[in-house]
Amino acid sequence: MKFVQSSKSLQWIIAAIALVVAASQVFAQDAGTRVAVVNSEKVFNESNLAKAMQTRLQNEFTKRQNDLRDSAQKIQTAAEKLDRDAAVMNEAERVRRQRELADQDRELQRKQREFTEDLNQRTFEERGKIAEKANAVLRQIAEQRKLDIIVQEAAFVSPKADITDDVIKALNSQK
């Protein structure tokens, strides 16, 4: 019986050794894997394409943003005037003006939501265009440097593995 138990133990030990040897061979093969890291947020913020995108979006949405700010200021001014004049107004007039202010405020909130949704949608579209161009640049860099993997947003990056500045330079050189 002891022979059977020791035989099973021996089998487990042999299996464990085989597993360690196989794993070390896999890691030895992977030791040649070339990895690089890119910080996509830096690309989206610092490239010329990103700066042009920000300018386009600002030009496209500044008027609406100013209109919303003006409307909010008008509502605030009207609310302050109502607070000052409420003591001398009759009840019906005060209630009517409160309802008007509430309606104007709801309309302003609706317009602000639409503005935010439109801005987010346009930002998403513009970032998609930049991402498409950046991905083409990443493929070129991977081929040139014979990289196997390019990772985005790593927890730690050695400066020699970070290719973000190279991606930005390549994007900036495109026309």
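Guide: Helices (H or I, at least four residues) and strands (E, at least two) are DSSP runs, numbered from the N terminus. The model is predicted: local features need pLDDT of at least 70, side-chain atom pairs count only at pLDDT 80 or more, and totals for chains, interfaces and linings use all residues. Residues are numbered from 1 along each chain as its sequence is written, and side-chain values use heavy atoms, without hydrogens and water.

Visitor: Which residue lies in the loop between S2 and helix H5 (164-173)?

Guide: Glu153 is placed in that loop. Most residues other than glycine have a negative phi. Glu153, although not a glycine, has a positive phi of about 55 degrees. With 43% relative accessibility, Glu153 counts as partly exposed (buried is under 20% relative accessible area, exposed over 50%, partly exposed in between, with a 1.4 Å probe and protein chains only).

Visitor: What is the phi of Lys146, and where is Lys146 placed?

Guide: The phi of Lys146 is near 55 degrees, again a positive value in a residue other than glycine. Lys146 sits in the loop between helix H4 (91-145) and strand S2 (149-152). Because its relative accessibility is 62%, Lys146 counts as exposed.

Visitor: How do helices H3 and H4 pack?

Guide: Two packed helices are described by the angle between their axes and the distance between the axes. For H3 (residues 48-85) and H4, the angle is about 170 degrees and the axes are 10 Å apart (axes are lines fitted to C-alpha atoms over the stretch in contact, and angles run from 0 to 180 degrees between N-to-C directions). H3 and H4 are therefore roughly antiparallel to each other (an angle over 145 degrees). Their contact has 16 nonpolar, six polar and 15 charged residues (Ala, Val, Leu, Ile, Met, Phe, Trp, Tyr, Cys and Pro count as nonpolar, Asp, Glu, Lys and Arg as charged, the others, Gly among them, as polar).

Visitor: Which residues of H3 are buried, and what do they pack against?

Guide: Ala50, Met53, Leu57, Phe61, Leu68, Ile75 and Leu82 are buried in H3. The buried residues of H3 pack against helix H2 (40-46) and H4. At Phe61, H3 bends by about 45 degrees (the angle between axes fitted to the seven residues ending there and the seven starting there).

Visitor: Is Glu126 buried or exposed, and what is Glu126 in contact with?

Guide: Glu126, found in helix H4, is buried, with a relative accessible area of 3%. Leaving aside neighbours within four places in sequence, Glu126 is in contact with Met53, Arg56 and Leu57 (contact means heavy atoms within 4.5 Å).

Note on methods
Parallel < 35°, antiparallel > 145°, perpendicular 65-115°, else oblique.
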